[in-house]
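I kept this notebook while looking through a structure for the first time. Follow along with me, entry by entry.

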Amino acid sequence: MSRAVRLGLALALSLAGGAAWAQSKRGEDVAPEQALVLGPDVAQTVGAPLGPPVGPDRLEEETHALASRIRCPVCQGHSIADSPSETARDMKSLVRAMVAAGYVEDQVFVYFEARYGEFIRLLPRAEGFNLLVWVIPLAALLLGIIVVVVFLGRRRPSAVATAVPSEAAAARSRAREAGPAEGSDLDPWLEAVRREVAEEDQRQDG
Amino acid sequence: MSAAPEGGRAGRGFSYKALIIGLVVTLPLLALLYMGLSMDPHRMDAPLVGKPAPPFELHRLSDGQLVSLESLRGKPVILNFWATWCMPCRQEHPFMVSAAKKLGDKIQFVGIVYQDKNEMVNAWLDAYGGRGYPTLIDAGTKTAIAYGVYGVPETYFIDSQGVIRDKVVGPVRPDELFELAGRLQ
């Protein structure tokens, strides 16, 4: 055995021993985490397993998927998969035992809800009063979209209104550059202006 | 001059339509806020109250003998979950022992130790009130989980038919214990 392997082994053993010693100092039973022991009342609460037993190849993956949706009752917003507390560890161990025995997701949640209430679900069920959790954000989003659409709809006419004079100004400018157009719609107006200017000149001369 | 009010518009800065839309949006939110504020954040769900107490079979600290809930049937049970590392348990335990002395002929008191070690439990019992009733060891916390224990101390009041009648989270007050024990008889 190479020196590096011996060192690694010694480090792993000392870490495992240190963790067990730390638990022992805290006054906790040092129980093997992998022990697949069902609670005393699991079968009484949820009946027989509805699925096939789960083997070691998929056990950790399925346990983690369920444990990450079960709230740790002694933590602040953590799942039992994320919490380092002993309670979470023991609850996760029970989830593992239930999954291994073939209890399906619904049965696991029913068991924990029967003990802790719906509080134990990190994601509340989307039914009844809980629907508000899903409906309110969607309704707020829809309302926001409606407000934005209505607001933009009201702004558009004023934008058109500001665009129209500028177009008119450009047309006037083009007309000035081109000089008076004969036979256009402006003829009566130009005639009236010329008449007023002539009358004014006569008054000044007189 | 401005035109006369039109289409529910009472003036340039006030609109009934805006008021109604505002109320429709804000009133439900205020109602939800009120509901949230009127709830006690310390109150925990206790779905087992009114239901049969989960069975257990645990080793007794004193002699290692197995004790089951079934074996206690026929007499009301006060089940107290506690631990040596729990500070409120130090204040609660001497009172629980004296209450067990007073009520012991009518009610069976049982202590279940939560996440602990036998030798520490023995030392703790010697230091804080003694052994007035059986102390059981819940290895692996399965019984505590079965009862939906959030933390210690927690006390369950189980009637003679094995139905949980009440649950107290945190240390039980003396008046509370006698009142809830009275309901069991």
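My entries below go from ground rules to chain A, then to the cores and some backbone details in chain B.

**Ground rules.** I am working with a predicted model, where local features need pLDDT of at least 70, side-chain atom pairs count only at pLDDT 80 or more, and totals for chains, interfaces and linings use all residues. Residues are numbered from 1 along each chain as its sequence is written, chains are lettered from A and ligands numbered from 1 in written order, and side-chain values use heavy atoms, with hydrogens and water left out.

**Chain A.** I looked up the secondary structure and found seven helices and zero strands. Helices here are DSSP runs of H or I with at least four residues, strands are runs of E with at least two, and both are numbered from the N terminus. Next I checked burial: of the 206 residues in chain A, 25% are buried. Buried means under 20% relative accessible area, exposed over 50%, and partly exposed in between (1.4 Å probe, protein chains only). The accessible surface of this chain is about 13700 Å², and carbon and sulfur atoms hold 63% of that. Such areas come from the Shrake-Rupley method with a 1.4 Å probe, and for residues only the protein chains shown count as cover.

I also looked at contacts (heavy atoms within 4.5 Å). Among those in chain A with a separation of 6 or more, 61% link residues 24 or more positions apart.

**The cores.** A nonpolar core is a set of buried Ala, Val, Leu, Ile, Met, Phe, Trp, Tyr and Cys residues joined through side-chain atoms within 4.5 Å. Which residues have the most contacts inside the largest one? They are Phe112(A), Leu79(B) and Tyr147(B), in a core of 59 residues. Helix α4 of chain A (residues 86-101) gives the most to this core, with seven residues. A second, separate core has 17 residues, including Phe109(B) and Val172(B).

I then followed Tyr147(B). Beyond its neighbours within four places in sequence, its contacts include Arg115(A), Leu79(B), Phe81(B) and Ile164(B).

**Backbone details in chain B.** I found a cis peptide bond from Val152(B) to Pro153(B), with omega near -5°. Pro153(B) sits in the loop between α4 (142-146) and β8 (154-158).

Gln115(B) is not a glycine, yet its phi is positive, about 45°. Its place is the loop between β6 (108-114) and α3 (118-127), and Gln115(B) is buried at 10% relative accessibility. Thr141(B), also other than glycine, has a positive phi near 60°. Thr141(B) lies in the loop between β7 (135-138) and α4, and is buried, with a relative accessible area of 2%.
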